Amino acid sequence: MTLSGPASPASAPTAPGARRAPHRSVLFFAFAFAVIADPVSSVAYAIEAALRALHGDLALLLPTMSLVVGLVVVVTANYWQLVRRFPQGGGAAAAAGRAFGPRWTFLPIGALVVDFVLTIGISIAAAASAVIALFPELSGVRIPLALALLVVVAGLTWFGHGGRLLFAVMTVLFVAVCVVVLVVGFASPHEAGHAAASTSPGHPAVMAVVLAFPVAMALATGVEAPSTAIAQLGQLDDTHRRRFGRGTLALLVVIVGGLTLALTALAVRLHIGIPGHDSTQIADIAHAAAGPGWLYGAFQLTSSLLLLAAASSSFQAGPGLLKALAGTAGAPGVLPPVLGRTNRHHTPYWSVVVYLGAAALIIVAAAGEEQELVLFYAVAVFVSFLVGLLAMTRFAHAEHKPTLAWVNALAAAAVAFTLVVNLLRGWPVLSMVGTLLIAGGLYVRWVRAGRPTGIEDVETRAETPVG
């Protein structure tokens, strides 16, 4: 901005900063709380997933979720490094392409495509479950309700990215209401549940925790979002994009980790076990803490809206990735151009239809039950995590930073272990198969297109605003 007259020496250095600070504060609020909607929403089903894997053993629930949060911190630390190295966005795809060659870019891309579909499906199913917990009479129409919510969220993507501030508000509302429920629950709970503190998990305690925590690693999904979403911040320089990305990652760890451990501790204290068919564990926790009044209703409403916001975010990011792969905005054309066609709001509507159909299919296949889908969740995205960690390990080794290389290698081993345990459950192999098929198909099309350069930056282009 050009000033109309000369500024005094005293005022020149401070005036621009004074004007920019509120703008950047609002921008950071909108960016950070919208981006972390996905991992925050995972709290709604990750704790229950762990308890089911423990066969209802509440005594082991807090150690299990503590291990989950610890691994989330490890994964977040890797993306902290990625943000430093790639301040213009790109995430694991950019790291893999530059560390191992462009052909390896397609593995994290394939993982993200599958992850976006699963995020949409599980978030919609969980939102339907939250509504049913509040209105049990709707349990008979679980699948139609979920499909109706899916169509509504998909329809809202027609209007592009204008809802980011709204997503941020939904995240903040859920966090605020959740904190009130926690305070009431610890200080003066309405009632206590009747679940036994300990049952037989089928294995020795340590083994039970080790086998259960990978299921709950659905909590880590969305951790990668800040490293790619910073590409949207074109009005900022690299330094401020790094600050926004790292600030968002720090906020993510504090909020997601804090809410997860607090809700877990409250579930153990109030003896809230595996819920009935028409409820969820997190709904039972809120009901036991606050009773059936307005606070419980507000908790269910804000949690369902947050889950819909998480689904909407993936409905934007997923089609945006397909649009970039279709050759828009200077990216290499790997997919058919029809997937890049947009409306006046820059929404790639045929790509939205692809995700709508895929999400509808898995919702119907899972009978609208989010806990059925959780088993598939922490597979595809962990492929992306693993590739990113291996890339950062290679960078650290090449830059003669042995300590950082060892830390990244150990983190990669932990992620690989989580991935293997989930795959050994059987059906989650389908997520891996889908990831490999998509990655392989994209690679073949890239080769046939003449191996165009710049494919490793496709995630950056997918997040860059158009117009």
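Visitor: What should I know before I start?

Guide: Residues are numbered from 1 along each chain as its sequence is written. This is a predicted model, so local features need pLDDT of at least 70 and side-chain atom pairs count only at pLDDT 80 or more, while totals for chains, interfaces and linings use all residues; side-chain values use heavy atoms, with hydrogens and water left out.

Visitor: How many helices and strands are there in the protein chain?

Guide: Helices (H or I, at least four residues) and strands (E, at least two) are DSSP runs, numbered from the N terminus. Here the protein chain has 18 helices and zero strands.

Visitor: What share of the residues counts as buried?

Guide: Buried means under 20% relative accessible area, exposed means over 50%, and partly exposed lies in between, using a 1.4 Å probe and protein chains only. In this chain of 467 residues, 54% count as buried. Take Ser-129, in helix 6 (residues 106–134): its relative accessible area is 4%, so Ser-129 is buried.

Visitor: Which residues is Ser-129 in contact with?

Guide: Contact means heavy atoms within 4.5 Å. If we set aside neighbours within four places in sequence, Ser-129 touches Arg-142, Thr-280, Gly-368 and Glu-370. Across the protein chain, 82% of the contacts with a separation of 6 or more are between residues 24 or more positions apart.

Visitor: How do I read a salt bridge?

Guide: Side chains of opposite charge can pair when their charged atoms come close. The rule used here asks for a side-chain nitrogen of Lys or Arg within 4 Å of a carboxyl oxygen of Asp or Glu. The count comes to five salt bridges. One of them joins Glu-48 and Arg-52, at 2.9 Å from N to O. Because Glu-48 and Arg-52 are four residues apart in helix 3 (residues 43–53), about one helical turn separates them.

Visitor: Where in the chain are the partners Glu-399 and Arg-85?

Guide: Glu-399 forms a salt bridge with Arg-85, with the closest N and O atoms 2.3 Å apart. This pair links distant parts of the chain, 314 residues apart: Glu-399 is in the loop between helix 15 (370–398) and helix 16 (402–423), and Arg-85 is in helix 4 (residues 61–85). Glu-399 also forms a salt bridge with Lys-401, where the closest N and O atoms are 3.5 Å apart.

Visitor: What can I find on the surface?

Guide: Accessible areas come from the Shrake-Rupley method with a 1.4 Å probe, and for residues only the protein chains shown count as cover. The accessible surface of the protein chain is about 18,700 Å², and 70% of it belongs to carbon and sulfur atoms. Patches are made of residues with over 30% relative accessible area and no salt bridge; like charges are joined within 9 Å, and nonpolar side chains (Val, Leu, Ile, Met, Phe, Trp, Tyr) within 5 Å. Val-429, Val-433 and Leu-437 form a nonpolar patch on the surface, with about 250 Å² of accessible area together. Among them, Val-433 lies in helix 17 (residues 429–448) and is partly exposed, with a relative accessible area of 37%.
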